[in-house]
Every structure is written in C-alpha cells, then in structure tokens.
Amino acid sequence: MPTPALVQTPTPMLTPNKTLEHSLSIFAAAHFRSSSRRYGARRIRCGYSCFENVGVRRLKSYCKLNKQQSLVPSTVEKKVVKKPGKIEHHLWKKRDSTGSGTKALDLIRIVSEQPNVKEAVYGALDKWVAWELEFPLIAAAKALRILKKRNQWIRVIQVSKWMLSKGQGATMTTYDTLLLAFDMESRIDEAASLWNMILLTHGHSVSKRLFSRMIALYDHHSITEKIVEVFGDMEELGVKPDEDTVRRIARAFDELGQAFKKELVIRRYGLKWKYIHFNGKRVRVRSRPWEE
C-alpha cells in the first residue's frame, strides 16, 4: 500500500497586530525566565503579568525606534547645483587701475610739452588715448590731481575740458576742480557758464561742496549780487550751507545794506556749536561770534 504523500499545510500569515502580540509573548516569557533564575521563586509568585507589562513597554519602544529608522533613507542624495560661469569677458567694460600712475605721468609730460593752444593740446591727448581699449579715466583723474597740487591751473582747465568733450569724467569732483581752476585764473564768465550747465543738468544732485565753491569764487572776486543769487538756488533746492558759506552770505547781505536778511541768515543757518578733533577725539565746542 503506497504511503500517502505528505501534504504541507501552509503556515498562516500573521497580521501586524498578531505579529506584535506573538513577539510580545515571546519577549515576556524570556524575560520571565531570566528574572526567575535571578531573583528566585519569591519573584515567580508575583505572577506572570508584571513581567509581561515590562516586556510590552520595552518591545514597543524598540519597535517604534526601528520603525522611525526604517523611514529615514540610508543614503541621502545631494543635488549639486552648478552656478553658471562667466562665458565672455568684455575688456572694454573693465575699469583697470594697473599702470594708471605711469599713464598719468605720461599724460602730464605730453601736456607740458605742448604750447597753450587748444588744438595742439587736444591733438596730443587724442594721440595719447588712441590705442586704449577703454578711456583711461583713472589715469586722467590722477593726472588732474597731480596738476592741481602743482598749481598748474591752465593745464587743469585744458585736461578737464578735453575729458568733458569726450563725454568722460562728468563728476562733481571734476566740476569742483575745474571751478577752482577758473577761480585761480580769474575766468569768471567761463565759471558762470559751467555753473549754469551744472544746475540745468544735475539739479537736485548738485552737492553742497559745489555751492560752497561757487560762492567762494564770487566772494573772492567781490561779486556780491552773484553770491545772493547762488544762495537763492541753495534755498530753492534745500541745500543747507556750511559755516564758512554762511559767513560769506551774511557779509554779502551786509555789503548790500540788507542787515535784516543778514540777521535772518545767521539766525536760520548759524551754528552755535561745532565739532573739532582734539587729541584724537571729536570734541564739541562753541563757535566763534559772528561779528567781524
């Protein structure tokens, strides 16, 4: 008689809750046996339930920790963001100061060798800048600074006008240097025309320094009416004059016989206190009296 084939009965699939209960029971039984060997029969009489509760708490915390760790990926892929690099380098948009000092001295040498003729000076300066990729503005500014220190006011006027004719260097510093050169060379008409152009072009952007320069120019040449006119432009644009400028304006009103306006200017813009640097510190002191 043939032996019947063994039929393997499939093992029942455990649901997550039954799996947890089965694991808890195994863990509690093992914990109970180890505790009974450690503490003796007296601890056994306490019952199975107390060890079961302890095992349940420990296994639940262990399962919870494993579940959290399973949610975290083992390897985190970091995306590398590549920044777009510079593709082109436009040399004509670069302000390079390398060798600007040598270029400035070269400009001064070229200008000094020329006669005081506009065409000759402008032609030499055009040759100086002919092979440059960009206008050497830094070198020209350094050359103006050196010429100003040397008190070569005619050359300052020539170089400044040449720069402005090329559309370069139209800054407040260049205007201030040119107005100072006009003052030293007594070119009042040219200074007045330049000042009108500055007011029309820049308007509210005109700095206090340029207003003070223009008032000092008219005060130097004793043109009191123009001082009052420039002061009117200052008030219209909301520019507050400094202490020296207030002194010149008050003196101009006094010379014009307008003592009331003089007192009004002193009362409105006069500074009772000023700050000076003494022994490396900024000290507040009382200003000197206005009476001269």
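Arg 247 counts as buried, at 13% relative accessibility, where buried denotes under 20% relative accessible area, exposed over 50% and partly exposed the range in between (1.4 Å probe, protein chains only). This residue belongs to helix α12, residues 243-255; helices (H or I, at least four residues) and strands (E, at least two) are DSSP runs, numbered from the N terminus. The C-alpha atom of Arg 247 is separated by 8.2 Å from that of Ile 266, 19 residues apart along the chain. The structure is a predicted model, in which local features need pLDDT of at least 70 and side-chain atom pairs count only at pLDDT 80 or more, whereas totals for chains, interfaces and linings use all residues. Residues are numbered from 1 along each chain as its sequence is written, and side-chain values use heavy atoms, with hydrogens and water left out.

The protein chain contains 13 helices and two strands. Of its 292 residues, 29% are buried. Among contacts (heavy atoms within 4.5 Å) with a separation of 6 or more, 58% join residues 24 or more positions apart. Not counting residues up to four places away in sequence, Trp 162 touches Tyr 122, Leu 125, Asp 126, Trp 128, Val 129 and Phe 135.

Two packed helices are described by the angle between their axes and the distance between the axes. Axes are lines fitted to C-alpha atoms, for helices over the stretch in contact, with angles running from 0 to 180 degrees between N-to-C directions. Helices α6 (residues 137-149) and α7 (residues 153-165) pack at an angle of about 160 degrees, and their axes are 9 Å apart. Helix α6 is therefore roughly antiparallel to α7; angles under 35 degrees count as roughly parallel, over 145 as roughly antiparallel, 65 to 115 as roughly perpendicular and the rest as oblique. The contact involves Leu 137, Ala 140, Leu 144, Leu 147 and Lys 148 of α6, together with Trp 153, Arg 155, Val 156, Val 159, Ser 160 and Met 163 of α7. By class, eight of these residues are nonpolar, one is polar and two are charged; Ala, Val, Leu, Ile, Met, Phe, Trp, Tyr, Cys and Pro count as nonpolar, Asp, Glu, Lys and Arg as charged, and the others, Gly among them, as polar. Asn 151 lies in the loop between α6 and α7 and has a positive phi of about 60 degrees although it is not a glycine.

Helices α10 (residues 208-220) and α11 (residues 224-237) cross at roughly 165 degrees, their axes coming within 9 Å. Helix α10 is thus roughly antiparallel to α11. Phe 211, Met 214, Ile 215, Tyr 218 and Asp 219 of α10 meet Lys 226, Ile 227, Val 230, Asp 233, Met 234 and Leu 237 of α11. This contact comprises eight nonpolar, no polar and three charged residues. Thr 224, also placed in helix α11, is buried, with a relative accessible area of 11%. Beyond residues up to four places away in sequence, Thr 224 touches Ala 252, Glu 255 and Leu 256.

Ser 186 is situated in the loop between α8 (172-184) and α9 (188-202). Its phi is near 60 degrees, a positive value in a residue other than glycine. Ser 186 is partly exposed, with a relative accessible area of 48%.
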